[in-house]
Amino acid sequence: MTEELTQDTAESLDADVIIIGGGPAGATVGAYLGRAGYRALILDRDIHPRDHVGESLVPATNIVTHDLGFWEKMESSQFIKKPGATWTGTKGKVGSEFVVTFAEIPQKIPNPEYTYHVDRAVFDAMYLRHAHELGAEVIEGATVLKVHFDGDRATGVRVRVLGREIDLRSKFVVDASGRRCQLGKQLGLWEKDKQFNQFAIYSWFEGVKPPSEQTAEYIHVHFLPVERGWVWHIPIYQGVTSVGAVVEKSQFTKSGKDHETFFNELLGMTANTRHILEDAKRVRPFFIEADYSYKMDHFSGPGWLMVGDAARFVDPIFSSGVSVAMRSGQFAFQALEEALKGGDETAAFGTYNETVSRGVQIWYEWITLYYRLQALFTRFSGQPQFKADIQQLLQGEVFDKSAVKVLDRMKAAIATIESTKDHVMREYLNDNIEVVEASVGIGASEGGDR
Amino acid sequence: MSEDTRAHIRAFITGEVLFDRGGEAPRDEAPLLDGVLDSLGLNQMIAFIEDEFGLEVSDAEMSTANFRTIAAIDELVERKLALRSEAS
């Protein structure tokens, strides 16, 4: 960004930064920009509160919620504290679970011993309001139709609001449109993931029983005896629990069953899943998510950045969605601030691209390793030399450290299993998953701007 | 063979890994890999052996032959304990 352009056009621009979407990614960018005194305009097509999947946070979100002064609001909310995660097996008895408690190996982050499970409708609305209080302008019910470009440089958006289509101009455009991937689709960067084609069916229930009383406030992951199948079990409010089943989409389509029957059959498969719903009553309709795994070649270009789900989403297994949204939003702000101050935009946006690529690739490798051999990580978690790495991954700290030794060790273990014919884990290997090296996509090109 | 080792392993399986269907402890020669120990149970079992006996089970040692039955696991543990005492 040259000084000349900034001075000549600043007055006629509608904002320094237009942010498409007011979920946790967009609100983070808006909150930081607003607090720093920049003109941030968040356009959200929805009217908050609105429902959203992804109700469990990881401790890495504490970095951002503390930094923005939002943590206090979470502390005084009705949300339930999340001290860790547990897993139950397909053949285990009720209450037999593998437990990971964050406080065992606290990360170097604020309040490392817990984070929260959240009702996303309430949480997202609170967080967007917080961004507004810090100075971001927010317009809800405003649907962005396209991003305007001058050559390859993003210059603003066309938005439908008040029954009209209006063109707005800004120095930068941030795509935080979530899984709609406004910019990725417009630029043809969006690519369906080749390996993951999962399907999620979920609702809220009253009267769900935890696997054990000691872990009532943990997130529970219940393995299902079907390919890549598992159940999330997230306490939302006292007495209200989100339960969702994730399976390969083909499982559902070939079943020919209706949602309720399909869900009940899946949850009837193990002792633990039968137990949790024994006395439960569903209090919402079923919600469905499918076709949600995709990637982009790069996350930034001249005048634009993608944050959160608008950049990449793979799979909900490790509750990574909101943390990637907030952390990428924080990094996007750092890049934008550098450019807005008159620094080197290309370098700043390039750094952003590399940081986010590295983080989401580590997530991706971790997720593929997990699905390749679902229970492998419980073995590593039991070993002192890997406990810390596993905890770091589970707590969402993937951006700051690129070398995660345990992933290499897991790959070596899988290689041994593959080459040992009578290996006890051989039958558990998922042959439909290919483990992708974390180096893929790191330092990807910047769309020709460097 | 060690009755003591077997009793430990049996108690672990009964208490920590099982039972979906009752409370009966598996006998020494009862097959474990067909319906008793799933992948999570196997991992718990290996972690248990490593903690309880101070051993490290390598990836290559995780064979079906070594984990087929309580007797087989006992043999693996005894073999590794013997190796360790020879080495020291």
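## Basis of the description

The model is predicted, and local features need pLDDT of at least 70, side-chain atom pairs count only at pLDDT 80 or more, and totals for chains, interfaces and linings use all residues. Residues are numbered from 1 along each chain as its sequence is written, chains are lettered from A and ligands numbered from 1 in the order in which they are written, and side-chain values use heavy atoms, without hydrogens and water.

## Extent of the interface

Chain B contributes 28 residues to the contact and chain A 27, where contact means heavy atoms within 4.5 Å. The buried area is about 2300 Å², with 50% from carbon and sulfur atoms (accessible area, 1.4 Å probe, that two parts lose on being put together, summed over both). On the side of chain B, B:Leu40, B:Asn43 and B:Asp59 lose the most area to chain A, together 27% of what that side buries.

## Helix packing in chain A

Helix H2 (residues 24-35) and helix H10 (residues 321-340) of chain A pack at about 35 degrees, with their axes 8 Å apart. Helices are DSSP runs of H or I with at least four residues, and strands are runs of E with at least two, numbered from the N terminus. Axes are lines fitted to C-alpha atoms, for helices over the stretch in contact, and angles run from 0 to 180 degrees between N-to-C directions.

Residues in this contact include A:Thr28 and A:Tyr32 of H2(A), and A:Gly329 and A:Phe333 of H10(A).

## Local backbone features

The peptide bond from A:His48 to A:Pro49 is cis, with omega near 0 degrees. A:Pro49 lies in the loop between strand S2 (40-44) and helix H3 (61-67) of chain A.

A:Asn111 is not a glycine, yet has a positive phi of about 40 degrees. The loop that holds A:Asn111 runs between strand S5 (97-101) and strand S6 (115-117) of chain A.
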